[in-house]
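Let's take a friendly walk through this model. The sequence and structure come up next.

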Amino acid sequence: MKEYLKVITLTIIKYFFITVSLWFLFVLFYTIFSDIPTFLHLASNINNLSTYELEQYVKHSKIIANETNAYFIVFLISLLFVVVSHILLLKKKGLTYSQYIKFKLLPHFFGFFKKIEKENSSKKINKYLFDKIYKIKNGEIIFYNPAGIDYEKYNKEKDNLEHYLNLTIYKIDKIFPNKVAIKYKDPLEKFTFTRELFKKDMVYFGRGFNSGDIYIHLKDLTHYLIVGQSGSGKSVFQNLLINNILFNLEQVEKLFLVDLKAGVEFTQYQKIDKNKIEVISDISQLLPLTRNLIEIMENRYKTMIEQDIKNWNGKPILIFIDEYASIKDQAQNLEKNENKELNNNIRTLLAKARASGIKFFIATQKATSDSIDTTVRENLQTKILLRTVSKDAQRAVLGGKEVIEELGVDPAKFDKGRYIFFGDTIQDLVQAPFIPDDFYKIFLKGQSNGK
Ligand SMILES: Nc1ncnc2c1ncn2[C@@H]1O[C@H](COP(=O)(O)OP(=O)(O)OP(=O)(O)O)[C@@H](O)[C@H]1O
Ligand SMILES: [Mg+2]
């Protein structure tokens, strides 16, 4: 709201001074054109002037010397105000003046013209119409060309444009056949998680560009692969999901948190409910866990066959594994047959456990086959891709480039918590909120926290 008022004030100032400068420019020219001819005429006869004419001569020379100077100075000062308010307005729109100038030059610089051929009775007339800035809105610049926009060219030149303009382009949208919008401002702002975002039986995943707030019902959870390089926000994102699960802990049978790397990130959660939450920080505990889970899975399948149901309708068991690659590293310390069993168990669970209500969240820095088995990776149907520079790694997660191209984003440039959600029903660019490490403490003071 305040920003809005600032923009209005600046706009008023700008147009006020445009008016003032134009007015003084007019007065200046008026003076010059009305006084100078008289003055020159009198000056040419300076030796033969009457007293009255001499007075006139002095008067006009004063006007020319003083008033025109004054008008000119007022004109320059108003112009300065116009330029300053214009620059400030641009700043509010997220642009620097040099970027603005470049935007103006952009169609010429990149040759974004559209060639139209008019069949004119006998002759063919080739006409080149350049794209022009139509409007600068908050965060987007719209280009217009009456003959039509070469939309493909903008997309092709996207990298060059970013380099030339020194800004990140989030999206290039075709608005009409003759308009294109370059969105240069982050469409999703960073934010912090608050309790109000909790929902009964739901897990909150963040804010999607097309989907708004993304909630997934505990029963609709699948397996998730969370990929992103160091510092991209994997741990914070898992903490977000875990806190949402803690909020709904009554609806969950068990929550296993596996972190072999540091082993400290998850331990805090154990105090909340020692019966339901189990933290695994050592590889020796992981094999028994997988055995246990396979047993539960088989028992659940037996029950399901007896009841003739296809999907487990009881409470889910959820397993988070942070730094999946560290399993492979540490498994080398196990006996050979144990290592093999562990790998087989994980593969079996990921291939079969989902329908029995056992769901995995697996996070890794790299998704290439040296860090995670391709079969394991393929069984994690929903992919979460946080900042990842390597194109190979991006491809390993998302298969082809289509999603990235469709969303018009670059995962190499993602800010913290930004990711591509690639699931069966949702495919979107998402911002996960920041959630402090100690957020879970609200669950320690009994279950009195509101909804
Ligand atoms: N959604 C977010 N919004 C704002 N800041 C965030 C967000 N997610 C993470 N951060 C910031 O980035 C830092 C690193 O995040 P995080 O520890 O989750 O990265 P990571 O991917 O787990 O890294 P590593 O692979 O090294 O464990 C956090 O300490 C936090 O300050
Ligand atoms: Mg981490």
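## Model and domains

This is a predicted model, in which local features need pLDDT of at least 70 and side-chain atom pairs count only at pLDDT 80 or more, while totals for chains, interfaces and linings use all residues. Residues are numbered from 1 along each chain as its sequence is written, and chains are lettered from A and ligands numbered from 1 in the order in which they are written.

The protein chain falls into domain 1 (2-92), domain 2 (110-183) and domain 3 (195-443); these bounds come from an automatic or database domain assignment. Between the C-alpha centres of domain 2 and domain 3 there are 43 Å.

## The sheet

An open sheet with mixed pairing is built from 10 strands, in the order β8-β7-β16-β15-β14-β9-β13-β12-β10-β11. Strands are DSSP runs of E with at least two residues, numbered from the N terminus, and two of them pair if DSSP finds at least two bridges between them. Because β8 (212-217) and β11 (277-280) stand at the edges with a single partner strand each, one side of each has no neighbour in the sheet.

Strand β10 (residues 254-259) runs parallel to β11, joined by four bridges. Here Val 258 sits opposite Ile 280 in β11.
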